[in-house]
Amino acid sequence: MAVKNSMLANTDLKLDTILGRTIQCKCGLDHHVPVKGIFFSEDALHAFPEFLGRHIQERTALLVSDIRTHEIAGRETEKTLKNADWSIEVIRLPDSDKGSPVCDDTTYNMLLHQISHSPGICIAIGSGVINDLAKWVSFTLDTPYVVIATAASMNGFTAANVAPIIHGVKSLVRAHAPIGVFAQPSVIANAPYRLTAAGLGDILAKTVSVVDWELNHFLTNEPFCSFCAEIINEIEPIYLNHPEGVLARSPDEIQAVFNALNYSGLAMTMIGSSAPASGGEHLFSHTLDMMSLVDGIPHDLHGRQVGLGTLFAAALYDRLRKIRRLKFREMPNMIDRRFWGKLAAPVEGQYRNKLKNISKIKDRLADGNAWDRIRRNLLVKAKPPVLIAECLRRAGAARYLKDIGCSRERACRALSHLHEIRSRFTVVDLAWLAGILPDAADEIIDEWLLGDA
Ligand SMILES: [Zn+2]
Ligand SMILES: [Zn+2]
């Protein structure tokens, strides 16, 4: 049963004390934290049977892995649980024709049909795709799940949603968070570095996404929670100030990236939306993914694209800060249907919903000294683009478009269409209203994203 905390003191709360609790927060909401344990230690797998024994009654488990993660952690997990008298069903997903397994409806159905009986617990052995598939399937089976992470590549471990491809379209499906996250530091540190660098890109998003969130709170009354927004503020300087430590796989920096991913994911679960960790910067990555679905050209890892999207959003904030008096420009009144091809209908629905709110947002922006307050109190909170660029460079993460295999022309098309894909207001829309976009997309590419092509 969840234990109630007393009123939350935002400044002196140790992060691990919130696990498994319901917190009465200063923001006025009760935040339920379904994740009961986050274990990052070499003996994490040995703590595993004891943890499961405490939370799961039926000693049957389904282990979901792929051929690589089974070797890295699956075999050992299976042995450990069998020694503790658990009965185990193992499903090792084969590679797809694109390489690693993909999180789509076909793989999900295949997995679901392979399961011989509903287990007491589902165990994901892996990160991105394996975690998403196990989360999705366990939610369908109404069974709790845990993840044994093999890479610090994204913040989806502790999130309650899954982002699969359904009928060829990237979708968002409600699921549940794991009851526990387990990882061995040596496994995370030795994961292919592009995965760790992707994880860093995904959490850098937070340096701008929380400003988008507060901006929405101010302009549209979206619920805002400073505890959730600031949840990784103490961890952030570790990798922001020492990105070389991430590249060198130093224990402190690797642990900081891993924890930041988990707690930023948890913030999304606690508030019930992606707002704490995802804003306008994520639209760049989502748009590149969607363009790939339309034209079949491959895209890079989520977090590697998000890192560059963060740089773009930070550059927009930098330009917005310099505008003393706001002169509105109209946003386009429709989407570019030809550009979106088979995705035009869902994109159009999102954009139409956005336009419904734009006139109210403009009124709010034009009201009295609202812009002055936004400039002075909110826009200054976004980290400067030079800091993001340097962090990406020094960490050996994707820093330029060429690093993610994206041409100047493709980036330009993505940046001039990304405001169309989601109804939620972001810095990208503010930049359109302020007349910065679409013109500045070219300049920002040249200034920040192109490098020596
Ligand atoms: Zn992300
Ligand atoms: Zn709160």
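Colleague: What spacing do the donors of the zinc ion (ligand 2) follow along the chain?

Modeller: Donors are N, O and S atoms within 2.8 Å of the metal (3.2 Å for Na, K and Ca); water is not among the atoms, so sites may look incomplete. Here the spacing is C-x1-C-x3-H-x193-C. The protein donors are Cys25 (SG), Cys27 (SG), His31 (NE2) and Cys225 (SG), at 2.1 to 2.3 Å from the zinc ion (ligand 2). This is a predicted model: local features need pLDDT of at least 70, side-chain atom pairs count only at pLDDT 80 or more, and totals for chains, interfaces and linings use all residues. Residues are numbered from 1 along each chain as its sequence is written, chains are lettered from A and ligands numbered from 1 in the order in which they are written, and side-chain values use heavy atoms, with hydrogens and water left out.

Colleague: Why is the arrangement around the zinc ion (ligand 2) tetrahedral?

Modeller: Four donors count as tetrahedral if all angles lie between 85 and 135 degrees. The ideal angle for four tetrahedral donors is 109.5 degrees. The four donor atoms here subtend angles of 105 to 118 degrees, so the arrangement is tetrahedral.

Colleague: Is His31 buried or exposed?

Modeller: Buried means under 20% relative accessible area, exposed over 50%, partly exposed in between (1.4 Å probe, protein chains only). His31 is buried, at 0% relative accessibility, and Cys25 is buried too, at 6%.

Colleague: Where is the kink in H2 centred?

Modeller: Helices (H or I, at least four residues) are DSSP runs, numbered from the N terminus. The bend at a residue is the angle between axes fitted to the seven residues ending there and the seven starting there. In H2 the kink is about 50 degrees and is centred on Ala73, one of the buried residues of this helix.

Methods
Four donors count as tetrahedral if all angles lie between 85 and 135 degrees; four count as square planar and six as octahedral if opposite donors are over 155 degrees apart and all others between 65 and 115; anything else is irregular. Helices (H or I, at least four residues) and strands (E, at least two) are DSSP runs, numbered from the N terminus.
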